Amino acid sequence: MHQNLKAFIIGSGIAGIASAIRLAVQGLRVTVFEKNSIAGGKIDLIEKANYCFDSGPTLFTHPQYIEDLFALTNEKIENYFSYKPVEIACKYFYEDGTVINAYANAEKLKNELEEKTGEPKENIRRYLKSSEKAYNNIGNIFLNYSLHKRKTVRRVAVLKALISIKPSLIFSSLNELNTRSFSKPQTIQLFNRYATYNGSNPYKAPAMLSVIPHLEYNEGIFYPQGGMISIIHSLYRLAVKMGVIFQFNSPVQYIIVHEQMAIGIVVNDENHFSDAVISNGDLYFTYKQLLQDEKKAQKILKQERSSSAIIFYWGMKKEFPQLQLHNIFFSKNYKEEFDFIFKRRQLYHDPTVYINITSKQEPSVHAPLQKENWFVMINVPSSSTQNWNELKRIAKQNIIKKLNRLLQTDIEPFIEIEETADPLTIEANTSSYMGAIYGASSNTRLAAFLRHPNFSRSIKRLYFTGGSVHPGGGVPLCLQSAKIVCDIIGEDKKKWQKEH
Ligand code: FAD
């Protein structure tokens with residue numbers, strides 16, 4: 001038994017909470033130090049004038065990873081959390097007038113794409129089949145193991161999976177693969193969009209990201225009852241039930257390192273000692289501020305940051321029956337849009353607009369009856385130096401112009417209340433450098449394999465979990481990051497007694 005071993009987690013993002021639950025299950029005494037007054041990090045809620053909005057993530061896939069946490073603890077998930085499948089993964093609107101309901105079901109999706117765009121069903125079938133194959137092969141390894149441990153790479157199954165990766169999945173960009181796989185521009189653009197799921201550029205990111213559509217169209221997408229925030233509320237309750245202690249309003253100032261071993265943290269100018277320290281904060285700030293290691297911090301920045309976002313949270317005093325839970329209004333020139341975001345690092349005049357409306361799922365809960373809560377987001381460069389107030393003003397005009405055109409309605413008079421977010425507020429609220437939503441982007445061929453390990457190579461008992469380290473950003477990947485780091489700690493702690 002290890003009931004005397006103590007772990008400190010810095011940050012209560014989803015990976016911090018999931019790690020706390022897993023370590024408590026292993027018998028460690030866990031304290032989570034959070035600088036904010038509530039848990040959740042990027043998963044947060046905005047409430048205003050009878051409207052409420054998930055302020056960060058809105059798309060929920062792979063609920064199995066949440067089920068896994070409950071299964072570990074023997075607590076019944078139904079006492080904490082429920083979710084339901086969503087029929088239409090996303091509704092797509094194009095400037096040429098095409099409108100596609102992307103059903104979260106491969107069969108229905110094939111029919112819809114053939115009918116609306118003329119894309120042969122066979123092309124979709126073949127693509128989703130390879131997406132599934134690649135996911136089952138390499139995706140599973142990537143999501144379940146540290147790729148930085150020799151032990152992992154020596155496993156026969158891992159070696160086989162690595163050898164089986166088609167070179168084209170690494171050496172082609174997602175756009176190159178999609179252009180080869182599909183004949184219609186609308187389908188290519190739809191499948192290129194998956195690069196944005198981790199804040200990347202489809203014209204640069206590897207074709208490996210084509211594994212993501214498998215999750216949506218073969219496994220489905222889901223809606224968590226109560227919105228995304230209910231994931232945090234339920235996991236927080238579970239963690240507390242498992243004995244985890246949360247200390248809010250507690251910004252960690254430093255990680256204490258003695259003889260190349262993390263032995264505790266400094267909070268409110270007081271030293272606290274532990275057997276292990278796990279940082280769930282942004283990796284750049286962990287090195288720069290908590291470890292005062294400017295050299296390593298600069299090395300982190302060698303990997304391009306992911307995109308950030310401008311978001312408008314609009315209470316709309318009208319229902320729009322033509323919209324779904326998730327909606328995309330595509331830009332006319334996708335390539336140019338990504339050049340603006342990643343090369344020029346500027347706002348694009350015709351942005352792809354994403355609208356999420358949870359009141360479609362829970363009508364009177366998130367918006368007053370006959371009204372809707374719109375989460376309206378565009379991708380923008382991560383940056384803390386631009387004048388985001390002015391850029392938000394311009395973005396709002398561009399978005400409204402585009403929505404008016406594609407919805408054939410003057411929407412502005414229906415905006416009853418407004419809140420906003422931008423790279424500066426995202427950085428301030430979640431300590432993500434330059435407001436990058438997913439830490440590093442996957443804009444190079446091997447980026448996915450080059451994310452920072454879940455442990456420190458030079459400081460013993462220092463670990464990392466969350467969106468800026470392996471396997472990457474996004475709720476499902478963060479949950480797996482927690483699994484991977486806790487598996488490593490489970491192994492390492494056998495050595496800790498000897499090290500004392
Ligand atoms: P974070 O959420 O980054 O939280 C880290 C926590 O650490 C914060 O609470 C912070 O306050 C705390 N912290 C940092 N430094 C310190 C310190 N020194 N002391 C104490 N506490 C500290 N993902 C999806 O799956 N689907 C989506 O649709 C989606 N859309 C998104 C939209 C937006 C606008 C944003 C911002 C993100 C989106 N994501 C989406 C990404 C997803 O939200 C993140 O990948 C995930 O929530 C990150 O979790 P994390 O565990 O890395 O921690």
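**Helix 8 and helix 9**

I began with the crossing of helix 8 and helix 9, which is right-handed in this predicted model. Helix 8 covers residues 174–181, and helix 9 covers residues 185–192. I looked up their axes next. They come within 9 Å and cross at roughly 145°.

Which residues make the contact? From helix 8 I noted L174, N175, N178 and T179. From helix 9 I noted I188, F191 and N192. I then sorted the residues of this contact by type. I found 3 nonpolar, 4 polar and no charged.

**The ligand**

I turned to the ligand and its surroundings. The ligand is surrounded by 35 residues. The closest are E34, K42, G467, G474 and V475. I wrote down how the shell divides: 16 residues are nonpolar, 16 are polar and 3 are charged.

I looked for polar atoms facing the ligand's oxygen atoms. G474 has a polar backbone atom 2.8 Å from a ligand oxygen. For N280, a polar side-chain atom lies 2.9 Å from an oxygen atom of the ligand.

How much of the ligand does the protein bury? Taken alone, the ligand exposes 1000 Å². I noted that the protein buries 93% of that.

I also checked which elements give two or more residues to the shell. They are helix 1 (14–25) and helix 18 (475–499). Helix 18 gives the largest share, 3 residues.

I followed the chain to the loop between strand 19 (462–464) and helix 18, where P471 is found. H470 and P471 are joined by a cis peptide bond. Its omega is about 0°. I marked this bond because most peptide bonds are trans.

**Q260**

I placed Q260 in the loop between strand 10 (252–258) and strand 11 (261–267).

**N387**

My last entry is on N387. Where does N387 sit? I found N387 in the loop between strand 17 (372–380) and helix 16 (388–407). Its side chain reaches the backbone nitrogen of E390 at 3.2 Å. N387 and L424 are 37 residues apart in the chain. Their C-alpha atoms are separated by 9.4 Å.

Terms used. Residues are numbered from 1 along each chain as its sequence is written. This is a predicted model: local features need pLDDT of at least 70, side-chain atom pairs count only at pLDDT 80 or more; totals for chains, interfaces and linings use all residues. Side-chain values use heavy atoms; hydrogens and water are left out. A residue is near a molecule or strand if one of its heavy atoms lies within 4 Å of it. A polar contact is a pair of N or O atoms within 3.5 Å; within protein, one must be able to donate a hydrogen and the other to accept it, and residues adjacent in sequence count only if both atoms are side-chain atoms. Accessible areas come from the Shrake-Rupley method with a 1.4 Å probe; for residues, only the protein chains shown count as cover. Helices (H or I, at least four residues) and strands (E, at least two) are DSSP runs, numbered from the N terminus. Ala, Val, Leu, Ile, Met, Phe, Trp, Tyr, Cys and Pro count as nonpolar, Asp, Glu, Lys and Arg as charged, and the others, Gly among them, as polar. Axes are lines fitted to C-alpha atoms, for helices over the stretch in contact, and angles run from 0 to 180 degrees between N-to-C directions. A crossing is left-handed if the near helix is turned anticlockwise from the far one by less than a right angle, and right-handed if clockwise. Contact means heavy atoms within 4.5 Å.
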